[in-house]
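I opened the model to look up a few local features and the sheet. My notes follow in the order I checked them.

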Amino acid sequence: MKTPSFWQNKGTISYLLFPLGKLYALATRLNLKFHTPQKVSVPVICIGNLTAGGSGKTPTAIAIASMLQTMGYHPFFVSRGYGGKLKNILVDIKAHSPKQVGDEPLLLAQVAPVVVNPDRYQGAQTAISHGADIIIMDDGFQNPKLNKDLSFLVFDGTVGYGNGFCVPAGPLREELSQGIKRAQAMIIIGDDKKALKSQISLPCFEGKIAAQKPKLKTSKVIAFAGIGRPEKFYHSLNELGFEIAETIDFPDHHFYTTQELENLIQKAQEKGCSLITTSKDFVKIPHHLQAHFHVLEITIKWQNAQELSQFIQTSIKEISR
């Protein structure tokens, strides 16, 4: 779903939903309390968050995987494969579709091997059997099955943790105080407009989204996305100087039908626009239609890359003792 606007402020709707949020938080807390996480033979790094919606977790996971590779490690991602049907498999970009393994695993698999399994412990064991010497959990901070040796909490600096209420009254997946206790560090993507560094006592690393401007026939575009916070994508396009003729929002993790894609192509032709979307959406477009679409590639540009690298290396050494 698209992130509700009322999640950012305390108002009538959020207060009406507040009791449900407390129940959600209690359910998460009990689920964690009554499960004993299982440890595997290699370090496990969790790139998680406390909020629902787009915090920049996936590009952060990709950036950290690349950092680990430059250190000489062979990281594997373990993902639940949201929306996919296949379980406990090693993702093959050429053979698997988004409906089989989910959209994010196909995106992650362009950087490092990915095992899809809702049971993260089994998924980690499968990854190790294929040669993983370090596991990266893309999400799963609230998943109790697999022991996490190093957990990063990723925040969007623009929105922070919203109104501080739990789903559905706010964006939190669990109470802030409880989540912070289980994390070793936090990562802020974008400017820290919510003063998170002064509120959360964890080592902090900061990064910004760096977008690579694609070459298009025209700077006039129709932009569409099926992500938690599509406005971030549209903002990046504006910053790059594109003229946005229209924006079209789809639900998060949306699987596009051929008819929907053909309608977009026709609309772009009628308006004399280029079609542009996110990497996460592009992987869900069938190969025979991809030539009609352009993708905005993004990376994380760290403000303190050397400090982050050193923090990860030191943590791994301590884990391995």
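**Entry 1: Arg 173.** I found Arg 173 in the loop between strand E6 (150-156) and helix H6 (176-181). This is a predicted model. Is Arg 173 buried or exposed? Its relative accessibility is 19%. The cut-off for buried is under 20%, so Arg 173 counts as buried.

I then followed its side chain. The side chain of Arg 173 makes a polar contact with the side chain of Asp 139, at 2.7 Å. The Arg 173 side chain also reaches the backbone oxygen of Thr 51, at 3.4 Å. I listed what Arg 173 touches, leaving out residues up to four places away in sequence. Among them are Tyr 24, Thr 28, Asn 49, Leu 50 and Gln 142.

**Entry 2: the sheet.** I traced an open sheet of 12 strands with mixed pairing. I read the order as E3-E4-E2-E5-E1-E6-E7-E8-E12-E11-E9-E10. Which strands stand at the edges? They are E3 (89-90) and E10 (243-249). Each has a single partner strand, so one side of each is left without a neighbour in the sheet.

I checked one pair in detail. Strand E2 (residues 75-79) runs parallel to strand E4 (residues 114-116), and the two pair over three bridges. Phe 77 has Val 114 in E4 as its bridge partner.

**Entry 3: helices on the sheet.** Helix H2 (residues 57-70) packs on the sheet. I noted its contacts with E1 (44-48), E2, E5 (134-138), E6, E7 (185-189), E8 (204-212) and E12 (293-302). The direction of H2 makes about 60° with that of E12.

Helix H9 (residues 258-271) packs on the sheet too. H9 touches E9 (220-225), E10, E11 (274-278) and E12. Its direction makes about 160° with that of E9.

Entry 4: I looked at the peptide bond from Val 167 to Pro 168. That bond is cis, with omega near 5°. Pro 168 sits in the loop between E6 and H6, and Arg 173 lies in that loop as well.

Asn 88 has a phi of about 50°. Asn 88 lies in the loop between E2 and E3. At 33% relative accessibility, I logged Asn 88 as partly exposed.

His 253 has a positive phi as well, near 65°. I placed His 253 in the loop between E10 and H9. His 253 is buried, with a relative accessible area of 14%.

Technical notes:
Residues numbered from 1 in each chain as written. Predicted model: local features only at pLDDT ≥ 70, side-chain atom pairs only at ≥ 80, totals over all residues. Heavy atoms only, no water. Helix = DSSP H or I, 4+ residues; strand = E, 2+ residues; numbered from the N terminus. Buried < 20%, exposed > 50% of the residue type's maximum accessible area, 1.4 Å probe, protein only. Polar contact = N/O pair within 3.5 Å; in protein donor to acceptor, adjacent residues only side chain to side chain. Contact = heavy atoms within 4.5 Å. Pairing = 2+ DSSP bridges. Axes fitted to C-alpha atoms, helices over the stretch in contact; angles between N-to-C directions.
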